[in-house]
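Here is a short briefing for a reader new to this structure. Look at the model first, then read on.

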Amino acid sequence: MPSGGSPLIVGFGGTSRSESTSDRALRLALSAAEHQGAAVKAFFGPDLAFPMYQPHQIPEDPRALQFVNALRQADGIIIASPGYHGAISGLIKNAIDYVELLRDDTRPYFEGRAVGCIACAAGWQASASTLASLRSVVHALRGWPTPVGVMLNSTISSFAADGTCADAKLDAQLSCVARQVLFFSEYEAECRTRIVDNSVDKHQVRRASAASPDACGSLSTVGEGITQ
Ligand SMILES: Cc1cc2nc3c(=O)[nH]c(=O)nc-3n(C[C@H](O)[C@H](O)[C@H](O)COP(=O)(O)O)c2cc1C
């Protein structure tokens with residue numbers, strides 16, 4: 001395991017709305033990660049209400065510092081953003097701006113980490129553009145967006161009153177994102193160990209990859225669920 005025990009998946013996102021769709025989706029993805037063996041830390045909408053990031057000031061907000069430290073320790077990340085005017089909300093982008101504090105780390109920004117991206121808006125068009133902008137931000141931070149991302153349309157009711165998912169396809173997609181983040185963290189840790197051991201055997205790594213079970217095998221049972 002990446003940190004000698006369970007991999008740590010840090011999730012953040014959502015809004016301060018009591019029935020926030022992005023919050024619910026993030027909770028489900030993190031719960032799936034937990035079921036698959038991860039330790040999880042979560043920062044939901046109200047937890048992310050940091051002061052506006054100021055590049056030339058040393059941040060003092062303890063919540064922001066706790067958030068950045070969690071990301072520093074993360075083996076994988078899941079982000080859920082609402083679509084505001086076709087892109088990531090200010091709350092989520094401001095939180096991401098604090099990732100600049102990881103710039104000088106030995107593992108800067110999101111380097112070496114898979115990042116599951118979830119976007120939700122009141123229509124598919126903004127969901128799609130928000131997912132694309134979230135992935136661009138992850139790329140800029142040297143993260144690896146997972147092949148499967150999730151879009152939600154909050155005008156379609158996908159959740160029961162208790163927060164459980166009423167849509168099997170969506171549930172499978174969220175679970176798949178969690179699985180892909182975990183799979184990458186394990187694979188990356190294995191590759192890193194080989195490099196540290198100075199015993200990189202690319203063929204062996206490739207064989208291990210080919211032999212790994214399909215990270216989202218269950219999705220094939222829900223029709224076109226895996227289609228991006
Ligand atoms: C400031 C603002 C801008 C928004 N812009 C869009 C938009 O461009 N397209 C869209 O489909 N929905 C838009 N929405 C709707 C939200 O994306 C939608 O309500 C979403 O479900 C909010 O996330 P939540 O359910 O996690 O609170 C906007 C909402 C707000 C508050």
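Ala-29 touches Gly-11, Ile-78, Gly-116, Ile-118, Leu-174, Val-177 and Ala-178, leaving out residues up to four places away in sequence. Contact here means that two C-beta atoms, placed from the backbone, lie within 7 Å. This is a predicted model: local features need pLDDT of at least 70, side-chain atom pairs count only at pLDDT 80 or more, and totals for chains, interfaces and linings use all residues. Residues are numbered from 1 along each chain as its sequence is written.

**Nonpolar core**
- The largest nonpolar core has 59 residues, and Ile-9, Ala-29, Ile-78 and Ile-118 touch the most other members.
- Helix H5 (residues 168–196) gives the largest share of this core, 10 residues.
- Such a core is a set of buried Ala, Val, Leu, Ile, Met, Phe, Trp, Tyr and Cys residues joined through C-beta atoms within 7 Å.
- Buried means 20 or more other C-beta atoms within 10 Å of the residue's own, exposed means 12 or fewer, and partly exposed is in between, with C-beta atoms placed from the backbone.
- In soluble globular proteins, nonpolar side chains tend to be buried together.

**Leu-26**
- Leu-26 is in helix H1.
- Helices (H or I, at least four residues) and strands (E, at least two) are DSSP runs, numbered from the N terminus.
- Leu-26 counts as buried because it has 27 C-beta neighbours inside 10 Å.
- Beyond four places in sequence, its contacts include Gly-11, Ala-42, Ile-78 and Ile-118.

**Strands E1 and E2**
- Strands E1 (residues 8–13) and E2 (residues 39–44) run parallel and are joined by six bridges.
- Strands pair if DSSP finds at least two bridges between them.
- Ile-9 has Val-40 in E2 as its bridge partner.

**Ligand shell**
- The ligand is surrounded by 18 residues, the closest being Ser-20, Ser-22, Pro-82, Ala-126 and Ser-154.
- Helix H1 (21–35), strand E3 (76–84) and strand E5 (114–121) each give two or more residues to this shell.
- A residue belongs to the surroundings if its C-beta atom, placed from the backbone, lies within 6 Å of the molecule.

**Positive phi**
- His-85 has a positive phi near 55°, and lies in the loop between E3 and strand E4 (87–88).
- His-85 is exposed because 11 other C-beta atoms lie within 10 Å.
- Arg-142 has a positive phi near 65°, in the loop between helix H4 (124–140) and strand E6 (144–145).
- Most residues other than glycine have a negative phi.
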